[in-house]
Amino acid sequence: MLSRTADGLFWLARYMERAASVARLVQVGNRMSNMSLSLDNPGNEWRSTLVAAGTEPGYLAKHGEIVPSLVLDYLVLDPENPSSIVSCIETARRNGRAVRTALTVDTWEALNETWQQTRALKADRLAADSLPGLMDWVVQRSLLFCGSYANTMLRNDGYLFTHLGTLLERADNTARILDVKYHVLLPDHEGVGGVLDYYQWQSILRAVSALRSYHWVYHDRLKPWLIAELLILRPEMPRSLVACLAHVVDLLEALAVRYGGQRGECHRLAGEIHARLRYGRVEDIFQFGLHEYVTQFIDDMLRLGQEISGFYLNVR
Amino acid sequence: MAKADGPFNEMGMSDEVRGPYADIERWLREMPSDKLELKRREAETLFRRVGITFAVYTEGGDPERLIPFDIIPRVLARAEWDRLSLGLHQRVKALNAFLADVYGERHILRAGKVPERMVLGNESFRPEMQGFLPPAGAYTHVAGIDIVRLDADNFYVLEDNCRTPSGVSYMLENREAMLRLLPDLCGMHKLAPVSHYPEDLLDTLKSVAPPACRDAPTVAVLTPGSYNSAYYEHSFLADEMGVELVEGGDLFVDEGFVYMRTTQGPKRVDVLYRRIDDDYLDPRTFRPDSALGVPGLFAAYRAGRVTLANAVGTGIADDKAIYPFVPEMIRFYLGEEPILLNVPTYLCERDDDRKYVLEHLHELVVKETRGSGGYGMLIGPQSTAADRAVFADRIKARPADYIAQPTLALSTCPTFVEQGIAPRHVDLRPFVLSGREIRVVPGGLTRVALREGSLVVNSSQGGGTKDTWVLER
């Protein structure tokens, strides 16, 4: 297929996944800020959300200080923020429109309807009582998009590039959501292992639709190292880093087989990252530092994306 | 209902309904207008969801505007269509012969049937095409011939579109919408199908594969990109044919052959259905500032290593100043009398014609020879004295740029508008395919001027579309 088409599909899928990821991050930020009754450090949770979304510098350049309502606007509606939900959907749709012939009617309609409704969004939807509903809607639209292409696309290279985009972005997003907890400071009178700490971890699990899964897997109360293990190392957890990377390795391999055995640095690197996750131990991760580990993983994802692009998508 | 001396109403008068419209007329009488309104809205939702939109550059507001769709179909009896179809075959055959001739031996110029100066001195004439005959002598692989009716018996050609006519996706989507929204009404009639158009198009394109192509030809659609107003159509046709939709940047020329950049490396392209204007095709041959085209494409074309459809230089056949000579072309190349009529046309560069035009501006339609899309037009009866003064000056300054025609009382069809069901003026654009043979899908795109009394049907000027039905019985 055309490199430009493959590139369009890859980024379309990434941006739809990213829109949902920002929605999930906003849900975490919102829950945490509603729970932290202490007023010592207003906006603390929202700053952590900005950092995790990789948007803190852009926000501060525009608004200067953390004001919850402005953060929300920046993360959800602001067209100047390339990672806002509205921008993600706009970019996804632009990519989708440029590769329309490669999309099934169902996939296109899921995308196009999402875009139309997003364009009609008004600032009043960010009010406290309607925000959670709106974020649920964004997540649902992203799931509808994934379901549409997974159920209707021909199993050819177009499908492989689309799915690759989804999974690469999903791995990156799970890592970022996990990192929120690192950036949220507990108030002085609240200790690690205290009530607030507990609810913050719970919010993280909820955001990746994994609270129930946690209980099914561990039959135990929430413990940070188990949560980290679930989201990083457990293959049965569909949004975990290891589960996403296993798929990425398979997809790249399927492409290589399809294209007569050609492989490049992206294939090696994906395999290496996956092996590290597959044989990794949560004790070692905590010893190394969870935040450091996650940061390194996010860098790895960036490199992997560049390698895939250089090998398949932007060949000149 | 229009008065008996008004324009020809294709449905007929209430006391005398024309045959093909019998069931439609009854259906309209029984249909409450709120139900029609509901159907109209359903159609709009459908079109928006599928994304069938058309960008209009001059307006602010919605960058992806819908072309209004009228749910009352326009109907032609099979016998009417058969005659029209014969006329279209004949006309397009002559246009292709004319193109081969003016870029070849120039018999028609030497015979004095078309003034040499008007061809060779025309901006639409491409000297680069001289001495090159494309495969099968086919130039205008897709032609949109705009037809109007003034009465029950005659079809007139308003203009020929031989470059990159658009609108066929609306013809196809309109039918889909009708089948979905009004299945009962469709079922009452025996409709000639249109949905095989993309297959016919693909066959046509494959049939003109270049001499250098030995295997099954690879076809692609070349688009200026997703910001082009007709992008939906480009992607729709590529999708329906199952071929790649490429932009200039996806292609490159190597050792005289054209390739697309794919995830598996370069892949050769044999036939390009290009929806980019001649000027932008190849910066090496045409406009050097074009970022849409492919350097070296034209040389590959002339070397017989890729086929461009439509051919380069077809603009000389649909030029408004050449239009009056088409009946003569039919006689000259085919030895036949034209089946379709031409609208009488005054060429302002001729002294007698210009004198007449300037004296009768209030009753004529004046068009720029290079204009299209309904821009740069004067409709005499609807103009002000000031409008006419402006055009008179322009005509005197650059007479060769203008032609004039009598204001035609275009036929009307019942149309659902705000005031209810009312007659509105329509035209018809059938799409004629030329490869090794000529084919026409029955029907075409009916365009309707939604404003009362308006004669301008162009979508860029607020016109709408209708499904066009050819009844098998």
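Analyst: Chain A of this predicted model has 15 helices and zero strands. Its C-alpha trace spans about 60 × 45 × 35 Å along the principal axes. For 316 residues, a compact globule would have a radius of gyration near 20 Å; chain A has 19 Å, so the two agree. Buried residues account for 47% of the 316 residues in chain A. Take the contacts in chain A between residues at least 6 apart in sequence: 70% of them join residues at least 24 apart.

Now the pair. Helix α1 of chain A covers residues 3–35, and helix α9 of chain A covers residues 195–207. Their axes come within 9 Å. They cross at roughly 160°. Angles over 145 degrees count as roughly antiparallel, and α1(A) and α9(A) are therefore roughly antiparallel to each other. The crossing of α1(A) and α9(A) is right-handed.

Which residues make the contact? From α1(A) come Arg24(A), Leu25(A), Gln27(A), Val28(A), Arg31(A), Met32(A) and Met35(A). From α9(A) come Leu196(A), Tyr199(A), Gln200(A), Ser203(A), Ile204(A) and Ala207(A). Leu25(A) of α1(A) and Ile204(A) of α9(A) are among the contact residues, and both types count as nonpolar. Arg24(A) and Arg31(A) also belong to the α1(A) side, and Arg counts as charged.

Note on methods:
Residues numbered from 1 in each chain as written. Chains lettered and ligands numbered in written order. Predicted model: local features only at pLDDT ≥ 70, side-chain atom pairs only at ≥ 80, totals over all residues. Axes fitted to C-alpha atoms, helices over the stretch in contact; angles between N-to-C directions. Helix = DSSP H or I, 4+ residues; strand = E, 2+ residues; numbered from the N terminus. Parallel < 35°, antiparallel > 145°, perpendicular 65-115°, else oblique. Left-handed = near helix turned anticlockwise from the far one by under 90°. Contact = placed C-beta atoms within 7 Å. Rg over C-alpha atoms; globule rule 2.2 N^0.38 Å. Buried ≥ 20, exposed ≤ 12 C-beta atoms within 10 Å, placed from the backbone.
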